[in-house]
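Me: I would like to learn how to read the features of a protein model, going from the whole chain down to single residues. Could you take me through one?

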Amino acid sequence: MPLPPGTLSRWPWRRWHIAWRRWSLWTALVLLVAGMLVTQVWLAGRYEATEVQNRLDRDAADAVSDIRTGFTHNLQNLQALQAGDPDIASWENRAGRLLSVRRELVRIEWREPSLRVRAHAETPYRPVQWDADARGGNHSNVALACGNARRVGGPSYSGSYYQPLGDGRGTEMMELCIPLTNEGQNTGYLVATLSLQNVLVEMVVPGLKRGQEVSFTEADGTRLAMVGANRRGTRMFTTQQLFDLPGTALVLRMDSWHTAPSVFPNVLTALVTAMSIALVTVLVVLVRDNRRRLRAERDLGDALAFRKAMEDSLVTGLRARDLQGRITYVNPAFCEMVGFSAPELLGQADRLPYWPPEFADEYRRRQVGRLSGQHPPPREGYESTFMRKDGTRFPVMIFEAPLINAQGLHTGWMSAFLDVSEQRRIEELSRASQERLQATARLATVGEMASLLSHELNQPLAAIASYASGSLNLLGTPHASEPPATHLPDVRVALQRIAQQAERAGRVIKSVHDFVRRRDQTREPVAAEDLLEAVLPLIRLQAHKLRVQIRIAVEPQLPRVLCDRTMVEQVLLNLARNSMQAMDGPGTPQRLLELRVRRAASNAQNAWLEFQVIDCGPGIPDDVGAKLFTPFFTTRAEGMGLGLSLCRTVVEQHGGFLGHAPQAPRGTVFTFTLPACPAAGAAPEPPDA
């Protein structure tokens, strides 16, 4: 396609025009940026200088405040020297201690109203050769300061003066005069000499910054004392603070050296700012992505921390294996269970170190079958035996489940282990205790029944014996109405046999009664806690079924109980069961069983312990309470009525008593006492019921 006429002739001009416009735009942009940078640098320099000067002003004001505070403390300490009207020796001792603490004080004098020195003390750090004539003249700094103090009625400072130190050097000092008064009368003066150099060192230097110099000057700028660091920098900033004192005035001058504002850092700051503006969009995108990533990492970290804390806090052992049977993970509980550390177990696959040697082949065949899927583990778990590192065996309950990864692939097996050795031991103890208590209950019931029989049958047998004896006595006396003499021998023989049989029955009953009473010989010292611990497993089993809460309260440092342990345990068990059954009803809002043991009323010869079984049931009516301990009396259809009677018999055989009382606001308290271990040669007596 042909070009329009004149296009070729105008093209170089247009190209130059476009280039010029671009150059002008870039030039304007560069000039604008340069102007902004120069302005920013100038403003930054001004701002930096202003900030430095403001900081210096604040530091000088703080230094003046610190010096005023220090002078106030010195004034208080000097006034405290006269407390208690001290003598010269004690005053000099106090002044010496003050000079050792406050190094800005170089001399303290106690002067009379005529300004004659009564006592004085000097600093122990740097001795000064004082001119007594110069300090005692009427126009000396001391006289001027004390004269002004007398006129104003308060402390007064003298002007500074140069004091030679004797080694070719000297220092500026000033005098502080404090008038001493007693009931409005002048009793003397306290004169303290301060070193201006030490004032700066002790009160200003601790807070002095690097590159600062502090000095005391007169009004015309003459430096009196100066401390500070070496000059660092090319630009100096200066500030002055007036430090007025009663009787005189000083000027505190503070100089600071700083490097002049550098152009390069400010230009760099401007470039970084421009680049930051250009990268705003990218940063927004990155920030959003970073927030999402941080959120995901935080959630993942929380999940990992939660899982780690959960696994470390478990008492259940965990073990993970891959498809080849190699152990890939064990938690601390599993390591503690078997006694091996994690490095000793990880990577193990065949004949694991916690397998007992006698079961190793069997466990290996079982593992091969389960890893191949031929014998999947039961869902309810299975019991096995492991071996600790020290060789001891213990039973474990094992639960296994397949490990499925996020892609749904089967990657191994996870196993959970429970050490059931303690559970088995408790079950065995519980079973043995249950059997022992059941046997004891049966024997105690037989004994109770034998006691009841002996009590009930003694009376008729005694009557038979009495009648037989009376008949024999009558037959021995002849009367007119006597039967024929031929029958008298037969009657006498029959009556003799009645008496013999009655006596024989009495001997049998007495032997049974003696057998029951023979249990008194098995008494032994037992701790109250041991009695409760023996029956608590059985009590807790029934309490769990009836949803009853148990509370134990045992007074500390109780003596041991002298008792038949088996029978007393049966008493506690019977009372606890009765109390829990009393709370097994819909009208009981709170099911709480309390077992308490404490000291009962005792004396120097006999000690007793009191056991209480407290429930929150409906209580015992008065008519039922009157017959509660009667044998064979019961309010339950399945009861025999011998439990409480047996309990009372056992307690009374020990010399104690058993009773009950209502519990506020509802419930019943069963209380019985038992003797504590008596002292040598003393026999326990029952307490007053």
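Predicted model: local features only at pLDDT ≥ 70, side-chain atom pairs only at ≥ 80, totals over all residues.

Me: How many helices and strands does the protein chain have?

Reply: The protein chain has 16 helices and 22 strands. Of its 689 residues, 35% count as buried. Among contacts between residues at least 6 apart in sequence, 59% join residues at least 24 apart.

Me: Which residues of β4 are on its covered face, and which on its uncovered one?

Reply: Tyr 161 and Gln 163 make up the covered face, while Tyr 162 and Pro 164 make up the uncovered one.

Me: Now a sheet. In what order do the strands of the five-stranded open sheet come?

Reply: The order is β17-β19-β20-β22-β21, with mixed pairing. β17 (549-554) and β21 (658-662) stand at the edges; each has a single partner strand, so one side of each lacks a neighbour in the sheet. From one strand to the next, the twist averages 15°.

Me: How many bridges join β21 to β22?

Reply: Five bridges join them, and the two strands run antiparallel. β22 spans residues 668-675. Within this pair, His 660 has Phe 670 of β22 as its bridge partner.

Me: Which helices lie on this sheet, and which strands do they touch or cross?

Reply: Take each helix in turn and check its direction against a strand. Helix α13 (residues 528-546) packs on the sheet and touches β17, β19 and β20; its direction makes about 175° with that of β17. Helix α14 (residues 565-582) lies across β19, β20, β21 and β22, and runs at about 175° to β22.

Me: How do I describe two helices against each other? At what angle do the axes of α13 and α14 cross?

Reply: The axes of α13 and α14 come within 9 Å and cross at roughly 25°. Angles under 35 degrees count as roughly parallel, so α13 is roughly parallel to α14. The crossing of α13 past α14 is right-handed. Residues in the contact include Leu 531, Val 535 and Ile 539 of α13, and Val 568, Leu 572 and Ala 576 of α14.

Me: Is Asn 574 buried or exposed?

Reply: Compare the relative accessibility with the cut-off, which is under 20% for buried. Asn 574 has 13%, so it counts as buried. Beyond its neighbours within four places in sequence, Asn 574 is in contact with Gly 643, Leu 646 and Cys 647.

Me: Which residues have the most contacts inside the largest nonpolar core?

Reply: They are Ile 539, Leu 575, Leu 593, Phe 611 and Phe 672, in a core of 44 residues. Elements that each supply at least two residues of this core include β18 (561-563), α14 and α16 (643-653). α13 gives the most, with nine residues. A second, separate core of 43 residues includes Leu 78, Leu 99, Leu 105 and Tyr 157.

Me: Where does Phe 611 lie, and what does it touch?

Reply: Phe 611 lies in strand β20. With a relative accessible area of 1%, Phe 611 is buried. Not counting residues up to four places away in sequence, Phe 611 touches several others, including Leu 531, Leu 572 and Phe 672. For a distance check, the C-alpha atoms of Phe 611 and Val 554 are separated by 9.4 Å, while the two residues are 57 apart along the chain.

Conventions. Residues numbered from 1 in each chain as written. Heavy atoms only, no water. Buried < 20%, exposed > 50% of the residue type's maximum accessible area, 1.4 Å probe, protein only. Helix = DSSP H or I, 4+ residues; strand = E, 2+ residues; numbered from the N terminus. Pairing = 2+ DSSP bridges. Axes fitted to C-alpha atoms, helices over the stretch in contact; angles between N-to-C directions. Contact = heavy atoms within 4.5 Å. Core = buried A, V, L, I, M, F, W, Y, C linked by side-chain atoms within 4.5 Å. Parallel < 35°, antiparallel > 145°, perpendicular 65-115°, else oblique. Left-handed = near helix turned anticlockwise from the far one by under 90°.
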